[in-house]
Amino acid sequence: LGSRKRQASWTGPGESVAVAGFQERTKAATLPPRTCSSVPGTGRLQRRMGMCKLEDCTFDSFELLYNGAVDKIKSHKSNLNLKEELRKLREETNVDSLRQELERERSKRIDLEQKMNEVLKTRLEDSPPQPPRKQQSPSNNGTADKQQKEVWSSRLQKWLYERFGVYIEDFRFQPEESTVEAEEPLSAKRLTENMRRLKRGARPVTNFLRNLSALSNWHSVYTSAIAFIIYMNAAWHGWAIPMLLFLAILRLSLNYLIARGWRIQWSIVPEVSEPMEPPKEDLTVSEKFQLVLDVAQKAQNLFGKMADVLEKIKNLFMWVQPESTRKLYICLWVAFITSCVLPYKLMGFMMGLYAGIKFFIIDFLFKSCPKLRDKYDTPYIVWNSLPTDPQLKERTNATVSRRVQPVVSRSSLATVPCGVSREEESGRSHSTKKGAFHEIFNLQESERPLAVCENGWRCCLINRDRKMPTDYIRNGVLYVTENYLCFESSSSRSSSSKKNKVIKLVDITDIQKYKVLSVLPGSGMGISIATPSTQKPLVFGAMIHRDEAFEAIFTQYMKIMTTTKPLASAEL
């Protein structure tokens, strides 16, 4: 037992605890309770006999229990070893340690990259070429040249990439997507604003052209004379182009000073400042409609002029009028041959002199003498003779009508009676739906409508002297003859009715365009005619072709008045 106790003491703290527990359990199990005995000396004997029995009975069981305890101790020790290994593994797989190692690896990589970049920079740096040694072999010279070429090529590639690398990477072979801009809705306010912007934007160009025209027309004699002398001197010495460039630089300098607040006016023709109309916020319906009509009229005239210019240029190059195109063709051949033969300096000298003489002298003479211009100004004659597309269409229609007219006249000769002239026949042949023209209005047979109004103009006669509604307004057709203004009422039943109206052109005291209702937009669709026999002027309203009728009536009225006045003065 003593040896076993020593073995137990050699074990660890866990094993000693197990052995102590085992001894306490054996004592509690084997030692019976002590009883008192009255016989003297029996107690010692019983103790000795109990000890012997204890040694005989518990030796085998103690050995078994000891072996079990040792096994438990060994298993407990192995468990402790496993726990220690698990603790070490946990410490090894700790996240913080892994992160630290990762950071260390990154720092190592960054240090290596910096070292590599430093090495590359040192290789690419400009180093002065070392003088070749005298004892250097040709093979070494060849390798040095190759190395130097590689260095220069690498430097060139790096420079090109730094300069144009961004553009090369951004370059695309795909076409750009076409984006459709959203159109703004029609607005009267926006329309007037755009027209004002266009007018303000075109003002510098119009002022420049007006100054050039004034310079060519010798509006200011001193200014034009000084400009002519300076230009001809510059053209003679070959300084025409430098002079023009200097004038452009001077103009930009003046514009800079004007933009900085200086008041400088360098213009031959004084500029007229137009009053700025404040934009109206609230417009009525009639004002908006009138505004749209005015803008549409201006746009129509502007587009018409632009279309005329473009059509004339197209017809000039497309041989529509061979006479004009032939002149241009010959001029181009002469200019080509001259440019091949003569030196450019001489050509510039000739062109500069011609431009100065043409601008300052020839154009002034042509503008002062229109007949001389119509006869000798070749560019002006060619440009005015060029037709537009509407003019070409009218010419083709006229040629077709001329071809058809002889056939009609030949067929009508058989129906004309003998002894009757063509004029009388043409006067008799014209008739309205209700009969002959001269019978309806009780006029002479020679009176017939003009060619402009053979079919008349549909309108309504407003006689403001009458109070009855039936006499106040009458619908009908208006005609113009050489001496009369005739109105045929559509409500007249007979050929000659009192409802028809005949007015002598000589009796007319005033004629002008008239607007029946001021509320309606536009300039109106009527013509007012005043005569001595009426208190208020007669109004012919609701005329679709009002402007055409007014032009015809007014021209015939002026023609009659100019022919009657000389006769009256001669009689006096």
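This is a predicted model: local features need pLDDT of at least 70, side-chain atom pairs count only at pLDDT 80 or more; totals for chains, interfaces and linings use all residues.

Modeller: Residues are numbered from 1 along each chain as its sequence is written, and side-chain values use heavy atoms, with hydrogens and water left out.

Colleague: Why is strand β4 called largely enclosed by the rest of the structure?

Modeller: Buried means under 20% relative accessible area, exposed over 50% and partly exposed in between, with a 1.4 Å probe and protein chains only. Six of the eight residues of β4, which spans residues 473–480, are buried, so the strand is largely enclosed. Strands here are DSSP runs of E of at least two residues, and helices are runs of H or I of at least four, numbered from the N terminus.

Colleague: How do you know that β4 pairs with strand β3 and with strand β5?

Modeller: Two strands pair if DSSP finds at least two bridges between them. Six bridges join β3 (residues 457–462) to β4 in the antiparallel sense, with Arg 458 bridged to Val 477. Five bridges join β4 to β5 (residues 484–489), again antiparallel, and Leu 478 has Phe 487 as its partner there. β4 and β5 form a hairpin with three residues between them.

Colleague: What makes Phe 359 and Phe 360 an edge-to-face pair?

Modeller: Rings of Phe, Tyr and Trp (its six-membered ring) pair if their centres lie within 6.5 Å, and planes under 30 degrees apart count as stacked, over 60 as edge-to-face and the rest as tilted. By this rule there are twelve aromatic pairs. The rings of Phe 359 and Phe 360 lie 5.0 Å apart, centre to centre, with 85° between the planes, and the pair is edge-to-face. Phe 359 counts as partly exposed at 26% relative accessibility, whereas Phe 360, at 6%, is buried.

Colleague: Why is the pair of Phe 487 and Phe 540 called tilted?

Modeller: Their ring centres are 5.9 Å apart and their planes are at 55°, so the pair is tilted. The pair links distant parts of the chain, with Phe 487 in β5 and Phe 540 in strand β9, 53 residues apart, and both residues are buried.

Colleague: What makes Trp 319 partly exposed?

Modeller: Its relative accessible area is 42%, and Trp 319 is therefore partly exposed. Trp 319 is found in the loop between α9 (285–317) and α10 (322–341), and ring pairs link Trp 319, Tyr 329, Trp 333 and Phe 336 into a cluster.
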